[in-house]
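Hello,

Here is the structure I promised to pass on to you. Please have a look at it first, and then read my notes below.

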Amino acid sequence: MEKQSFEEMHDCLIKKRINPQRRKDKVYIGCGAGFGGDRPMAALKLLNRVKEINYIVLECLAERTLAERYQAMASGGDGYDSNISEWMSLLLPLAVDRGICIITNMGAMDPLGAREKVLEIASSLGICVSVAVAHETFVNESGSGSLPEKLVMEGGISTYLGAAPIVACLERYQPNVIITSRVADAALFLAPMVYELGWNWDDLELLAQGSVAGHLLECGCQLTGGYFMHPADKHRNLSFTNLLDLSLPYAEISFSGEVCIMKTEGSGGILNFSTCAEQLLYEVGDPSAYITPDVVVDFRGVSFQPLSSSKVFCSGAKPSAHPFPDKLLQLIPKHCGWKGWGEISYGGYECVKRAKAAEFLVRSWMEETIPGASSHILSYIIGLDSLKATSINNYLSTWRASEDIRLRMDGLFQEKKHAQQLVKEFTALYTNGPAGGGGISSAVKKEIVLEKQLIGREHVFWKIGAKQTEVGELKHQEHVFADVTKACISNEPALTPSPQEDMQKTGLYCSSSEIDFSAVSSGQKVPLYSIAHSRAGDKGNDLNFSIIPHFPQDFGKLKLIITPQWVKGVVSVLLDASPKAIDETEKGVNEDDVKVEIYEVEGIQSLNVVVRNILDGGVNCSRRIDRHGKCISDLILCQHVVLPL
């Protein structure tokens, strides 16, 4: 039997909380997932190892996955993340037993459907749970007096909500699980801080510190050594075994806004200044005004102080000069065409020339049936120039005959039949192309881009509600909890050597009193790798990458090197987004549209670089193999520079 609580509707205007109560002096919040493809077992290990955790957040929704859920729902499928079944089956027994609240945005386009799925899972496990939802709702503001509403706006429009709906759920229902629609990532973590620590919406200094903690935590294992190890960089050369048992991060946040970021003792990976600095600048744009629905934060004064190999103190986040966001970001799905693509492999002598011949044939066949189609196709050779960051002709003279490569052709068309035609012509290479080609794969897909607009808070509404499952036979719950805990413990890998020993050997962890201040000598021409590290990401069609020096004294010198002109020169090869042939390019982006912005972040002595209009339309419709632009950080670091005297 299920009990349902009355659903409440509110607008998004900022309203102070009435007499907020401080329930705890400190709250412990863990990140259980940093993206939709994260590892459920890692979340279970975090819960099993860290007894202090009060909340665990599963941040599984990105603009790409939101577009996928919209397409699935429009086709009659699930509007929520279907992986919620696996996550809840694994985490619910332990979380309910320990009184840990699970907060997740896996509701995507259909949080009510996700709630029903979680209730179904809980019933099958014999667990009594309360599952709340916090989601956007749409009303007719015609002034007629009646406000008919619907959960999903026509066309799949969705708006980034803040922490307030989740706080309202916690105040009213104290649920075991909260499922949301599109909520800003940091707000998922900020909400339990506001609720437990008695903060109000005008406690701007506290909201800023809480938001930077949420911004760091939502990165998942990237904060604790994932996506960080690099054998070419002695400052990041973790051993393979060290990566085997990464700990998801969690944080201790006090009522006064003090933040400590942590990983579990004895786990693999690494948590230090460098991992925190990379994630601080990840996809933030202007660090003086990082906009969330709850507060606009100034990151420029943020600093990190390692307290041990598994604990870092974070301070210095401030509200920006204009801290109250009066508008919210709204996403509007738009059809941007049909993608057709194909891949084929060649190996041995002259494999590159055979790939070039195959590409020439497919383009020519397309032109026979659809004149002008070739200009919509991007071609590249995986293993040679798939990142579109160099000229293929630079490699032809030195390419070894025994290598193997893979040709990929990616086309974006307005009509589905044109995308299908590309796939047909590509497949014909089996009998009509050069010798020795094999392993063809291909597909056709409808592409959706999420256009963005700002909307006044008064025009956005949200709703909360809860259902509780009552199970007649709860005796199964103890058995399920025991089985899950046993499975978690039995899968614990042995770390050889221990993470601390490994980090001490490679110099990746040292206390602030032991830092080696040696750096590259001025006047030397060296790869940027030896001076700094970087992390790249995307926001729509814009590239965002950081430049973080290994040694603070190099910050001033890097500011003289990393100029808008230097950056534009390095990324200029990416402007050739629509080559007609591998060795004959046609401009796909106007160079005047590409803008470079460089921001100084004094607190961590680093640079944050934004390149506008460089990602071939953005993640949802780009024809590049690296849709997010994540590989570009290493291409930047490969550049040779001379440190000024």
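**Notes on the strands, rings and a helix**

Strand β4 and strand β8 (residues 177-180) pair in the parallel sense, over 3 bridges; strands are DSSP runs of E with at least two residues, helices are runs of H or I with at least four, and both are numbered from the N terminus. Two strands count as paired if DSSP finds at least two bridges between them.

Before going on, please note that this is a predicted model, in which local features need pLDDT of at least 70 and side-chain atom pairs count only at pLDDT 80 or more, while totals for chains, interfaces and linings use all residues. Residues are numbered from 1 along each chain as its sequence is written, and side-chain values use heavy atoms, with hydrogens and water left out.

Back to β4: strand β3 (residues 55-58) also runs parallel to β4, joined to it by 4 bridges. Isoleucine 103 of β4 is the bridge partner of valine 57, and in β8 isoleucine 103 has isoleucine 178 as its bridge partner. How are the two faces of β4 (residues 101-104) placed? Both are covered, with Cys101 and Ile103 buried on one side and Ile102 and Thr104 buried on the other. Here buried means under 20% relative accessible area, exposed means over 50%, and partly exposed lies in between (1.4 Å probe, protein chains only).

Now to the rings. The structure holds 2 aromatic pairs. In one of them, phenylalanine 273 and phenylalanine 304 have ring centres 6.3 Å apart and planes at 80°, so this pair is edge-to-face. (Rings of Phe, Tyr and Trp, the last by its six-membered ring, pair if their centres lie within 6.5 Å; planes under 30 degrees apart are stacked, over 60 edge-to-face, and the rest tilted.) The pair links distant parts of the chain, as phenylalanine 273 belongs to helix α9 (residues 273-280) and phenylalanine 304 to strand β13 (residues 303-308), 31 residues apart. Phenylalanine 273 is partly exposed at 26% relative accessible area, whereas phenylalanine 304 is buried at 8%.

Two arginines sit over rings too: arginine 22 over the face of phenylalanine 255, 3.6 Å from the ring centre, and arginine 535 over tyrosine 282, with its charged end 3.9 Å from the centre. This requires NZ of Lys or CZ of Arg within 6 Å of the ring centre and within 35 degrees of the ring normal.

Lastly, helix α7 (residues 204-217) is mostly covered, with 13 of its 14 residues buried.

Best wishes
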